[in-house]
Amino acid sequence: MLGDLINPYYLQVGSFIMINIILGLSIYITLSSGQLSLGSAGFMGIGAYTSALLTINYDLPIIVGVIAGALVAGIIGILIGIPSLRLTGVYLAIATLGFGEVMRVFLVNWESVTKGSVGLSGIPQIGRELLKFSRDSGFSPMSIGLKNNQFVYLMVLLILVIINILLIWFLIRQNKSRVGRAFAAIKMDEKAAEAMGINITYYKVLSFAQGAILSGFAGALFAHVMGYISPADFSYHRAVDILIYAVFGGSEVIWGSIFGAAFMTLLPEVLRFISEYRYLIYGLVLVLMMAFRPQGIIDVPLLQKLHLTKRRSKHGSKN
Amino acid sequence: MVLKINNVSKNFGGISALTDISFSINKGEIFGLIGPNGAGKTTMFNCITSIFPPSSGEILFLDENITGIKPHKITNKGICRTFQNIRLFSQMSVLENVLVGGHSQSHSGVFSGVFRTKSQRNEEEKLRSTARELLELVGLSEFEDAVAENLAYGQQRRLEIARALASDPKLLLLDEPAAGMNDTETADLYYLIKKVQERGVTTLLIEHDMPLVMRLCDRITVLNFGKKLAEGTPEEIQNNQEVIEAYLGSEGDDDIA
């Protein structure tokens, strides 16, 4: 029976992987124009709180909240992105990390709205809403041999998988277009890119804002999957986790941060049986990575070996 | 008149890299800018392309004042350059480099690029065919899929020219295109620049290879220590006493101009 095969715990880990992949994509897209932003956790918090507050206080549908969360994060991304243009490399990283901390402190102290460090609970959950909806339309999970909670987690995972496929498709298409070429040109040589007529201000802010939108989007989804958020969810640790997705998986290609996010979410879960040592092993894996494969697990030569990408050749020419 | 430089000066702190330079370039000309190392030739290029604007003076392009506007706008107006120290997008393929060069000739944004609208597909197709045509012009057709940094030095220089031409410039600025080239490559470069001239592109050339400059250029301006030393046809320049002294040095004279 289908129902016996589905373990809600695995499904939930799968959902976290999907959300973390979106966060991995957010850092990838800012990196693709040569900007190292550690603000992802801060933007994630903005998206999560925006969506949670809108759905709790104004009874808006979750989908409206999620879109609003992503947009608010994007707008703040533009506001942070413009002054940050003067900063490059590690200076930008520090500034954006600072922004993330400011956001967290802000969420802790704006108690009248955010309930401070206690956090928000009772956020409408995607799964529950779906269950309610299916019941209203006369569908019972039992009819396909699933318990309610199995059905809920399965549907959430399914939705997140679809969202991820669409996002990855979007970003791959963008990479192969004029905009993607402009990002890559800026990453490789900003002065030369400018001399080729690329408005670097526009494209850098664009990629920064896209990263912020993705982080905000992931944060909003996180809120509606968990049902509970607190400022600690969007702290410095989260920013570092997201950075590791790109560093571990590889930041040159989109599959790098996707792989990194999936692997780094899975690893602590898989190692759960040696609970006391799992972060030790986690740390060891990272140290070994930096020593032996600093460009990350997945890079262009590896993809070529696996024949996952045509030799840089005709991409786009057959469109 | 394509380009007119009016009394341009550029100071870095207390050092004046360019002092009161004026010259103008006619349509279709190959105009040489020569001078000993440190004479301010590349600084002149950087002023024209607004990498840093001049401290005083003005630069007119097709009778329009372009002094100090953003570098990417300069390219959009029809001035494109190559770099003395090659600055290709080294990890991109040869073709992609030229496609980036065509940035100012295309307009598609995020959504038309992602959803591949009809106009975006036409635009890409046009960019690609122009890029392939330019690669053929510079003799790099067979390398279109190669990664730029794997090209030989002379090929990289020619790729830079193709990339600059992709922006469909009216004025092309070449910064020492023959540097590091052997005799055969330099000979090829001569014909390439001539072919570019036939396309109706005006060229401003910085070059140290004197035989090449003298054969190519219609007119030449000589800079020395940031000042204009002479201007004229190749014959006039070759016979100019001050120019000869600047290059070969003269006894007890350190303020020539």
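Which residues have the most contacts inside the largest nonpolar core? I began with this point and then turned to the chain contact and the sheets.

**Entry 1. Basis**

I worked from a predicted model, in which local features need pLDDT of at least 70, side-chain atom pairs count only at pLDDT 80 or more, and totals for chains, interfaces and linings use all residues. Residues are numbered from 1 along each chain as its sequence is written, while chains are lettered from A and ligands numbered from 1 in the order in which they are written.

**Entry 2. Nonpolar cores**

I looked up the largest nonpolar core and found 82 residues; A:Ala185, B:Leu135, B:Ala162, B:Leu172 and B:Leu205 have the most contacts inside it. H9(A) gives the most to this core, with 6 residues. Domain 1 (1-78 + 169-257) and domain 2 (91-166) of chain B both contribute residues, so this core lies between them. The domain bounds come from an automatic or database domain assignment. I noted a second, separate core of 77 residues, which includes A:Tyr28, A:Ala48, A:Val152 and A:Leu171.

For these entries, a nonpolar core is a set of buried Ala, Val, Leu, Ile, Met, Phe, Trp, Tyr and Cys residues joined through C-beta atoms within 7 Å. A residue is buried if 20 or more other C-beta atoms lie within 10 Å of its own, exposed if 12 or fewer, and partly exposed in between, with C-beta atoms placed from the backbone.

**Entry 3. Contact between chains A and B**

I counted two residues as in contact if their C-beta atoms, placed from the backbone, lie within 7 Å. The contact takes 26 residues from chain A and 33 residues from chain B. On the side of chain A that touches chain B, helix H8 (148-175), helix H9 (178-188) and helix H10 (190-195) of chain A each supply at least two residues. H9(A) gives the most to that side, with 7 residues. Helices (H or I, at least four residues) and strands (E, at least two) are DSSP runs, numbered from the N terminus.

I then examined two residues of chain A. Leaving aside neighbours within four places in sequence, A:Ala185 is in contact with A:Ala193, A:Met196, A:Ile198, B:Phe89 and B:Val100. A:Met188 lies in helix H9 of chain A and counts as buried because it has 20 C-beta neighbours inside 10 Å. With neighbours within four places in sequence again left aside, A:Met188 is in contact with B:Phe89, B:Ser90, B:Gln91 and B:Met92.

**Entry 4. Sheets of chain B**

I took two strands as paired if DSSP finds at least two bridges between them. An open sheet of 6 strands in chain B has the order E6-E7-E8-E3-E9-E10, with mixed pairing. Strand E6 (79-81) and strand E10 (227-232) of chain B each have a single partner strand, so one side of each is left without a neighbour in the sheet. Strand E3 (residues 30-34) and strand E9 (residues 219-224) of chain B run parallel and are joined by 4 bridges. In E9(B), B:Ile220 is the bridge partner of B:Gly32. Helix H10 (residues 241-248) of chain B packs on the sheet, touching E9 and E10 of chain B, and its direction makes about 130° with that of E10(B). Axes are lines fitted to C-alpha atoms, for helices over the stretch in contact, and angles run from 0 to 180 degrees between N-to-C directions.

I also found an open sheet of 4 strands in chain B, with the order E2-E1-E4-E5 and antiparallel pairing.
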